[in-house]
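Here is a short briefing for a first look. Start with the sequence and structure below, then read the points by topic.

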Amino acid sequence: MTGAGTALLVAAVAVLALAAGYALGRRPLPRGARAGRHLDLGTPVERATFHTLHTASLAAPPLRAGLTEDAARKAAKRLRSLLGTEALCLTDREAVLAWDGPGADHHERRAVARVAEVLRSGRSMSVRTECQRPDCPLKWAVFAPLTGEDGMLGALVAYGSRESAVLVRAATEVARWVSVQLELAELDRSRTRLMEAEIKALRAQISPHFIFNSLAAIASFVRTDPERARDLLLEFADFTRYSFRRHGDFTTLAEELRSIEQYLALAGARFGDRLKVTLQVAPEVLPVALPFLCLQPLVENAVKHGLEDSTKECRITIAARDAGSEALLTIEDNGVGMDPALLRRILAGERVGGSSGIGLPNVDERLRQVYGDAYGLVVETGVGAGMKVTVRVPKYRPGVHPATAPVGP
Amino acid sequence: MNQTYALTAVTAVVLATVLVGALGLRMSRTTSDFYVASRTVGPRLNAAAISGEYLSAASFLGIAGLVLLQGPAMLWYPVGYTAGYLVLLVLVAAPLRRSGAYTLPDFAEARLQSRAVRRISVLFVVGVGWLYLLPQLQGAGLTLEILTGAPHWVGGLVVACVVTAAVAAGGMRSITFVQAFQYWLKLTALLVPAFFLLAAWAGDGAPRATLDAPATFREHTVVTLAEDVRLSVAAPLTLTVTGTVDGRAHDGQVVTLSAGRHEVRAATRLEFLPGSAVPRTRPAAGMGVSSWSQPLSGPQDGHRLYATYGLILATFLGTMGLPHVAVRFYTSPDGRAARRTTLVVLGLVGAFYLLPAVYGALGRLYAPELALTGDADAAVLVLPERMVGGTLGDLLGALLAGGAFAAFLSTASGLTVAVAGVLHQDVLPGRARTVSAFRYAAPAAMAVPLAGSVAATDVPVADAVGLAFAVSASSFCPLLVLGIWWRGLTPPGAVAGLLTGGGAALSAVLATRAGLAPAGWVHTLLAWPAVWSVPLGFLTMAGVSLATRSRIPPGTAATLTRLHLPEDVAAHPPAGGHR
């Protein structure tokens, strides 16, 4: 049927167009395409400079991953076209990481021996390869060391068919440029480490006040209602075990809810019937992984606003909804609320008088660290109008895996 | 058929779906009891939800239609649809859950740490989703056409609008309850009338269907053809014709057709006498019902055998790659629950698939003329009226119509949520990725198959679904199986395998559906691509991975450990083993 045929062809074309647009949209326009629009291409010298800079810029991104085999393989190709040599190889301190061009089979071993020599002296050198094969074009080799913050990392070896001072100079300069890129890579790594350390420092800030208050509340039950005091102590033990655990940065929503239950049981012991909690949790999102202790501070905040700073009954609503590839968590209270301007300053990291809402900036920062800036807290509030905090958590994010709590003691 | 009853049933199903979807959560899960609120979805509820989402128009209407058309060989469809879960259970279910992936692209990224593989899987998820949505909308069109005589595209439009609106408005919040409800609704809608029909059949003297011989008309039957048809008559056939047969106009004359082929023009009225054999059809132009199923009824046994293997491979291996099935495993709390869920699904789906065969066999006895008009998919819907009749027949017909609509709604909404989720996450630019943007992704996910369903007609629903299975089996099955069970898979290997295996299956499917394939063996090969495209996908993926061994992702060992170790073991890593 032609109708069916046309419709399917249209669908196929739509899919292809989508794919193409998608691929193009994610790829920056090649430099050549952009330059091609201008008729004035510069003098030959300028053009050569542009070409060199462009090749160098292509070699830079892989090197930013550090001196690994994968990075070396990608970079070696670019670097060889930059130097215009017969063959080029990148080594670390012990072995050849990548070889671009001919001759890898019989030159590799000799190169490694030479590299050890270069790394000892720390200077570049140009040597005859003494290759016996008549058809092998690799007659001369330039060895240039690659340095990082902690000394020699490896070497760049450029092979030519004859001795050339130009090649020595060029290879040394390129090696220096590569060294700079590798230093940047180290910088990147230390920045990542710093970020991880920050996440570690941010996690698990249980308020000491809460511990004192809970113990005091339990103490008040010891004589009047020993059974209840015992239950509360067990809740307290479970809560602290969860909060002080040391493995894993992530947990599941189900476990986080369990910890909130314990927290509310302890808070309820202090405030009695004034605390009313409503839960509305879609069971589909219970397995969602999220940063450890990222809801508990929000609930603590709600309790504080609703109970400590006000005298009426406190209603807290905790809701978790399924929204496609994300889970939508909201925590709402009917407490004293807050001036939005003040809240903005608190979230921006300013220390504003008192400790009102210490938990919020911490949670906000952690969520942004893990999921990106689009996933920060959304707070709706006003003075005397209660507060509603919304958290969006993607159901999947690479590297986010919940560490389930050990079962039993 | 009584329109009022049927329309009431359809409306009731739509309303019930929307209400359970919107209010189910509020009613069942608003509590102050943490124990109730943090109860995860149990294997039984989740299994009912998976089955509810999975049993589509193809299962509810299509299988009975194909059995009517072509006999018991078509029972490989329900066998394959069910056995797919066996493969899923053994090879994929628990590791997929443990990977923490929500969609299949998530799994690709988690396993291979590569954005490129992720993007290509996105294309295939969307492609498979659209191929699967298309027959759902067409089936809805057919159902509404039979019920009310509305044009073909109306039903598809109604389902598309209801589903898009429900998904976009966030009305599918308690989707697990909705889908579980739909499963039981579908089972009831098919089971209850089946009892009445079997009773009517027994009361009729329990005649036997001759499934390998041509069907015969049991009573005086009038058929009006909707399109040009070429009839093959095995033995001389006497019938009354009003219209054009073999280029000669007749007006109510009695004609005897000799054995052989005869051209019959559209809008011709044929009256058959009781006991005469039902001629086989062969539409004169373009793609029609039987040229689709041609390989299976073809004269050469080789074609038939090949097509059967194609069907078996596609359905056995394709289930794991269906976007709406994979997404549901995320709801299980851990790998063991995912496995248990799959086991229950096997039971639920297996029980359901006993029924369409009954309808198909009864349809061949009591409604054989459907094979002539190309509406064989309607067999399930017209049987109660034919066999039981009266108010009871109308009521049973209404129940079946409601069940059929439940099938369209549940599968279509599951697919729309899955496709829209992928569009929202991977195709929309990062800045626009807010919750409200999900609302725009839903219509986008539905628009293409809707356009396709309006333009393309007359493809048996079960066959069209089989094509989606073939693409899924050639692309995602290698990715999942090799990704879970082989350390050596590399990102370039995965990309190459997805593109060759899935791409070849997709182009074969599109070429067949566009009518570009020449007749004969080439057509058979293209119409049932799984036999060659699945091995092609596996071999390419493994071969390219072996050739690019240096590109094995650095975290492979850790990832595979997480996929295969039970969660409570993984929570106690050996000393120094964590991070």
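With 25 C-beta neighbours inside 10 Å, Gly452(B) counts as buried. Buried means that 20 or more other C-beta atoms lie within 10 Å of a residue's own; 12 or fewer means exposed, and anything in between is partly exposed, with C-beta atoms placed from the backbone. This is a predicted model: local features need pLDDT of at least 70, side-chain atom pairs count only at pLDDT 80 or more, and totals for chains, interfaces and linings use all residues. Residues are numbered from 1 along each chain as its sequence is written, while chains are lettered from A and ligands numbered from 1 in the order in which they are written.

**Gly452 in chain B**
- Gly452(B) sits in helix H19 (residues 437-455) of chain B. Helices (H or I, at least four residues) and strands (E, at least two) are DSSP runs, numbered from the N terminus.
- Leu133(B) is 319 residues away from Gly452(B) along the chain, yet their C-alpha atoms are separated by 9.6 Å.

**Helix H8 in chain B**
- Twelve of the 17 residues of H8(B) are buried, so this helix is largely enclosed by the rest of the structure.
- Among the buried residues of H8(B) are Trp153(B), Gly155(B), Val158(B) and Thr164(B).

**Chain A**
- Chain A has twelve helices and twelve strands.
- Of its 409 residues, 36% are buried.
- Chain A is divided into domain 1 (48-191) and domain 2 (203-394). These bounds come from an automatic or database domain assignment.
- The C-alpha centres of domain 1 of chain A and domain 2 of chain A lie 55 Å apart.
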